[in-house]
Amino acid sequence: MVRVLRRVKLSVFALSVGVLFFAASLTPSMIPRSAALQGVLGGVTFALGYLLAVAIAALWCYLELPKPSDRFRTAAEGAIAIVGIGMLIPALMRNVGYQNELRALMGMPSLEQDSSATIIAAAFGTFGALLLLGRLVKVMAAKIQRRLARRIPPRAAMVASLTLVAVISWNIGNGVILRSALDAADSGLREVDAFIDPELPPPDGRFRAGGAGSLVSWPSLGARGRAFVAGGWTEEEISRFHGGAPATTPVRIYAGLNSADNVSSRAHKVLEEMLRVGAFGRRILVIVSPTGTGWVDPEAVDPLEVMHRGDTAIVAMQYSYLSSPLSLLFEPDLAPESAQALAGAIYNYWVTLPSETRPRLYLHGLSLGSYASEQALSPLRLISDPIDGALWSGPTFNNAIWKSMTRNRNPGSPYWSPRIDDSSVVRFTTQKNTLDSAPAQWARTRAIYLQYPSDPITFFEVQTAYRRPEWMMSPRAPDVSEKFTWFPIVTMLQLAMDMATATDVSKGFGHLFSAAHYIDAWESLTDPEAWSESDASRLRSAFQKH
């Protein structure tokens with residue numbers, strides 16, 4: 001190892017470009033970062049800038065372009081180094097200030113200790129590891145090139161060796177390392193999902209899955225499913241909130257991955273449970289597409305039940321053990337397949353019921369759940385007998401309907417809070433409730449997107465590697481820093497890091513949704529009876545204390 005390090009010759013030009021990238025990564029983005037994460041991001045951007053500079057120099061030589069004179073090269077390298085260091089030192093000194101400004105926007109406590117040493121250590125540790133890995137790849141490519149050069153022209157051998165090494169590296173990383181990591185994660189999460197909390201007894205089976213008389217066993221629900229069906233306000237708590245007015249226990253039905261052998265069987269198991277407990281006799285019926293692990297956000301569903309005095313039925317079905325990002329990347333078809341099976345089974349029964357007595361039917365999904373829920377029902381099936389609406393929160397940057405709506409928004413409306421036509425069918429809202437400011441009345445079927453402008457899972461774009469995103473244009477959202485500056489490549493990496501920590505914020509920012517904003521959305525979507533702004537205010541206060 002010592003011999004290898006002694007032979008390492010670092011390009012001054014490439015190092016200088018790397019320093020520029022490192023300095024740019026220290027500027028604020030969407031989500032506050034710890035010093036360690038900031039350092040890792042800095043190391044990755046440093047390595048990427050270094051690699052880019054090396055690639056440019058190699059391409060220059062490969063094309064046999066005139067080499068610059070030593071004097072010019074030295075001057076250019078010195079100028080870039082001065083600019084890079086001139087950016088890096090002030091950026092390091094201001095990093096805590098940058099992070100505190102972001103934290104203040106999100107109501108988070110300030111950082112007081114300078115973290116420059118931690119950032120530098122983590123950055124150069126990350127850069128060193130990536131540099132060593134790159135050198136190993138280079139050695140491998142050189143050996144392959146020498147062997148190929150005996151049979152084909154030298155330049156063809158160079159291109160072939162680089163291509164072969166890239167393919168081998170990708171297959172090793174994706175097929176061996178990544179697959180092993182995913183298998184380990186899946187195994188670990190499977191065990192977590194199977195653990196039964198002794199302090200969480202099965203609910204009364206009259207209105208909940210997993211209890212006495214249920215067609216779905218308590219263990220088969222999984223940890224997320226058990227938490228969902230056992231959660232929420234009781235009938236007594238709901239009645240007390242409404243001043244002693246009559247209330248009922250909300251219906252909650254769930255099927256875990258172990259509740260049946262396949263997705264179709266699980267969907268029909270949910271339908272059978274709904275029929276058993278009389279779910280179609282409730283006023284409001286919501287089909288929830290959960291997040292990757294099967295989690296249903298209580299901040300989303302609990303307020304709806306209280307708002308409608310428990311006269312609700314909420315159903316969901318698990319499709320994975322993996323978290324949403326991993327499920328989206330490596331199991332992209334599972335979530336839509338599950339949503340389509342469940343919504344299809346329920347909708348096919350719902351349309352057979354008399355329209356004047358059946359429940360109002362809504363779709364809901366958070367994050368990856370919104371991605372799946374958008375695809376739950378074919379538009380062709382809804383023409384003759386449409387559902388009542390949908391509430392999609394924290395849509396992912398991959399949501400097809402969300403992307404189409406945002407791209408085709410009314411001129412003059414911001415990217416992060418678009419207006420669609422006359423807003424009679426689709427409305428967008430953020431922390432600031434704008435649902436009642438539409439120029440037209442709601443149509444019968446209505447859809448709401450609840451999104452936070454500071455949510456990188458919604459506003460990440462690969463294209464930010466080479467162009468400034470529209471949501472950075474004026475007017476900028478209140479929870480996005482005015483000091484968030486676009487840099488080619490670097491901004492994309494910042495947003496990718498932000499996605500990993502999008503829930504490490506206060507409620508009501510990033511990807512962590514607040515019951516207060518769900519209350520506004522459900523009120524506008526479902527028109528609860530005998531409901532006033534005073535009731536909404538009391539419910540917000542109740543969830544803030546909860």
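**Close-up A. The salt bridge between arginine 206 and aspartate 204.** In this predicted model, the side chains of arginine 206 and aspartate 204 come together in a salt bridge, with a distance of 2.9 Å from N to O. Arginine 206 has a relative accessible area of 52% and is therefore exposed, since exposed residues are those over 50%. Aspartate 204, at 44% relative accessibility, counts as partly exposed.

**Close-up B. The salt bridge between arginine 409 and glutamate 470.** The side chains of these two residues, arginine 409 and glutamate 470, meet in a salt bridge that spans 2.8 Å from N to O. Arginine 409 belongs to the loop between α15 (400-407) and β6 (426-429), while glutamate 470 belongs to the loop between α16 and α17, so the pair ties together parts of the chain that lie 61 residues apart in sequence. Arginine 409 is buried, with a relative accessible area of 17%, whereas glutamate 470 is partly exposed, with a value of 43%.

**Close-up C. The salt bridge between lysine 483 and glutamate 101.** Lysine 483 and glutamate 101 form a salt bridge in which the closest N and O atoms are 2.8 Å apart. This pair links distant parts of the chain, with lysine 483 in the loop between α16 (456-459) and α17 (490-500) and glutamate 101 in helix α4 (residues 70-105), a separation of 382 residues. Lysine 483 is partly exposed, with a relative accessible area of 35%, and glutamate 101 is also partly exposed, with 34%.

**Close-up D. A network of salt bridges.** Arg252, Asp302 and Glu305 are connected to one another in a network of salt bridges. For the model, the count of salt bridges comes to 14.

**Close-up E. The packing of helices α2 and α3.** Helix α2 (residues 12-25) packs with α3 at an angle of about 145 degrees, and the axes of the two helices are 7 Å apart. The crossing in which α2 passes α3 is right-handed. Residues that make the contact include Phe13, Leu15, Phe21 and Phe22 of α2, together with Leu41, Phe46, Tyr50 and Leu52 of α3.

**Close-up F. A nonpolar patch on the surface.** Val40, Val44, Leu130 and Leu133 form a nonpolar patch on the surface, and their accessible area together is about 280 Å². The elements that give two or more residues to this patch are α3 (35-62) and α5 (116-148). Leucine 130, which has its place in helix α5, counts as partly exposed at 35% relative accessibility.

Definitions and conventions: Residues numbered from 1 in each chain as written. Predicted model: local features only at pLDDT ≥ 70, side-chain atom pairs only at ≥ 80, totals over all residues. Heavy atoms only, no water. Patch = residues over 30% accessible without salt bridge, like charges linked within 9 Å, V, L, I, M, F, W, Y side chains within 5 Å. Areas by Shrake-Rupley, 256 points an atom, 1.4 Å probe, with all protein chains shown as cover. Salt bridge = Lys/Arg side-chain N within 4 Å of Asp/Glu carboxyl O. Helix = DSSP H or I, 4+ residues; strand = E, 2+ residues; numbered from the N terminus. Buried < 20%, exposed > 50% of the residue type's maximum accessible area, 1.4 Å probe, protein only. Axes fitted to C-alpha atoms, helices over the stretch in contact; angles between N-to-C directions. Left-handed = near helix turned anticlockwise from the far one by under 90°. Contact = heavy atoms within 4.5 Å.
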